[in-house]
Amino acid sequence: MAHEVVRHQLPLFDEEGRSAAVDDDAGRDRHYLPDFPDEDPYAAGHRTCAGCGPAIQYRWVLKAAGNDSVLAGPTGCMYVANSTYLCTPYTVPWAHTPIASGGSFTSGMAAGYEAMIRKGRYPGAYPNIIVMAGDGSASDIGLGSISGALYRNHDALFICYDNECYANTGIQTSPTTPYAGMTTFTPFGKAIPEGKKLPPKNLAKMMAEGHPHCYVATTTVGYPTDLMNKTRKGLNHVGAAFLHCYTPCQKGWVYQTSMTVELGRRVVEAGLFPVWEYDPESRQYSYFHPPVQRPVTDYLAMQGRFGHMLPEHIATMQQAANLNWQLMGMDVPARLREGEDPEHHKRISEESYSMPLNRGVGA
Ligand SMILES: Cc1ncc(C[n+]2csc(CCOP(=O)(O)OP(=O)(O)O)c2C)c(N)n1
Ligand code: SF4
Ligand SMILES: [Mg+2]
């Protein structure tokens with residue numbers, strides 16, 4: 001006799017009090033945070049760098065998912081920096097996979113749980129099955145296996161924690177490294193003054209367009225409630241879900257340690273990382289419209305990896321941001337339009353930019 005497979009439905013957190021800006025006129029509470037669960041399946045005491053964006057993301061994802069979760073982690077910082085023999089920060093079952101196999105391993109876990117429950121060999125509800133792969137894994141070396149898992153629609157949440165480089169092996173360029181981002185494989189110099197010449201791969205759109213039956217969303221560590229709700233929506237979705245999360249890498253990007261969450265908001269406010277959700281039922285995208293639109297310099301100037309940029313490189317970046325604003329259905333303010341012209345810029349190291357105020361963590 002086949003047993004019923006019971007699935008969790010995780011309630012969403014209230015986002016009404018959310019605000020995204022210090023000068024928000026809408027009267028919303030800047031320090032608003034809903035009550036998050038006490039449980040912390042990603043425990044303190046791990047060994048990532050101070051301010052590590054992926055570690056923040058891991059913690060929030062696991063808080064949202066809860067204790068009935070099983071995890072896979074392909075090779076990358078969040079495996080190597082977190083785990084030594086017989087010691088990990090995870091209080092839930094976790095397995096390391098080869099960097100190329102996050103998708104196939106997770107497919108196997110999902111199919112295995114489903115079969116065991118049906119046959120009465122596993123007594124519980126279907127667990128929250130999650131793989132968190134770096135950008136090198138999810139957008140490059142392991143892209144095929146994740147795409148295969150999405151295509152076959154295994155009931156699991158596939159997350160790319162995107163620190164825009166192969167961090168663990170020494171900050172090499174990956175397909176999601178932005179234009180002009182300096183890495184050890186894209187140094188700037190006389191021949192190539194911008195450092196990286198290529199624009200980043202649009203991983204999340206590729207996943208949504210290529211696997212239209214899946215729930216797909218983007219988010220950043222700048223928006224904890226959004227990140228946790230999208231984690232829960234991805235887990236509640238019966239079938240495959242993909243979450244692309246922007247997670248700054250303090251070591252690779254060279255910024256003040258305390259600015260990880262701030263960068264997670266600024267990248268959105270600068271139009272460089274659209275936050276959206278794709279609904280597989282309606283096949284529509286819904287975009288988050290940040291209440292503040294900043295020049296890209298407000299974002300770039302905070303990071304050493306962009307410290308070599310010349311006026312024409314900044315203008316190229318502003319052009320890309322302005323195209324994103326249009327894609328999101330937002331107007332492009334005149335001063336951002338002017339920024340498309342190199343004449344409006346200096347070297348990035350000479351540009352003035354707004355220093356972040358302490359905005360609290362609830363925006
Ligand atoms: C097939 C294979 N090639 C290369 C490596 C070496 N390697 C280990 S970690 C890593 C970086 C992975 O980058 P990413 O997935 O972005 O994770 P991050 O280190 O940035 O967290 C690489 C290239 C490997 N383990 N396996
Ligand atoms: S190198 Fe970057 S991703 Fe790796 S642990 Fe440090 S901050 Fe985190
Ligand atoms: Mg990476």
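Predicted model: local features only at pLDDT ≥ 70, side-chain atom pairs only at ≥ 80, totals over all residues.
**Exercise 1. Describe the overall build of the chain: its helices and strands, and its radius of gyration against the globule rule.**

Step 1. Take the secondary structure. The chain has twelve helices and eight strands.
Step 2. Check burial. Buried residues account for 57% of the 363.
Step 3. Look at the contacts. Of those between residues at least 6 apart in sequence, 73% join residues at least 24 apart.

**Exercise 2. Find which residues coordinate the magnesium ion (ligand 3), and decide whether Asp135 and Cys165 are buried or exposed.**

Step 1. List the donors. They are Asp135 (OD), Asn163 (OD1) and Cys165 (O), at 2.0 to 2.2 Å.
Step 2. Read their spacing. The pattern is D-x27-N-x1-C.
Step 3. Asp135 lies in helix α4 (residues 135-141), while Cys165 sits in the loop between β4 (157-162) and α6, 30 residues apart.
Step 4. Apply the burial cut-off, under 20% relative accessible area. Asp135 has 1%, so it counts as buried. Cys165 has 3%, so it is buried too.

**Exercise 3. Work out how helices α5 and α6 cross, and which residues meet there.**

Step 1. The axes of α5 (residues 143-152) and α6 (residues 203-210) come within 10 Å and cross at roughly 35 degrees. The crossing is right-handed.
Step 2. Name the partners. Leu143, Ile146 and Leu150 in α5 meet Leu203, Met206 and Met207 in α6.
Step 3. Sort them by class. The contact has six nonpolar residues, no polar and no charged ones.

How values were computed:
Residues numbered from 1 in each chain as written. Chains lettered and ligands numbered in written order. Heavy atoms only, no water. Axes fitted to C-alpha atoms, helices over the stretch in contact; angles between N-to-C directions. Helix = DSSP H or I, 4+ residues; strand = E, 2+ residues; numbered from the N terminus. Left-handed = near helix turned anticlockwise from the far one by under 90°. Contact = heavy atoms within 4.5 Å. Nonpolar A, V, L, I, M, F, W, Y, C, P; charged D, E, K, R; others polar. Donors = N, O, S within 2.8 Å, 3.2 Å for Na, K, Ca; no water. Buried < 20%, exposed > 50% of the residue type's maximum accessible area, 1.4 Å probe, protein only. Rg over C-alpha atoms; globule rule 2.2 N^0.38 Å.
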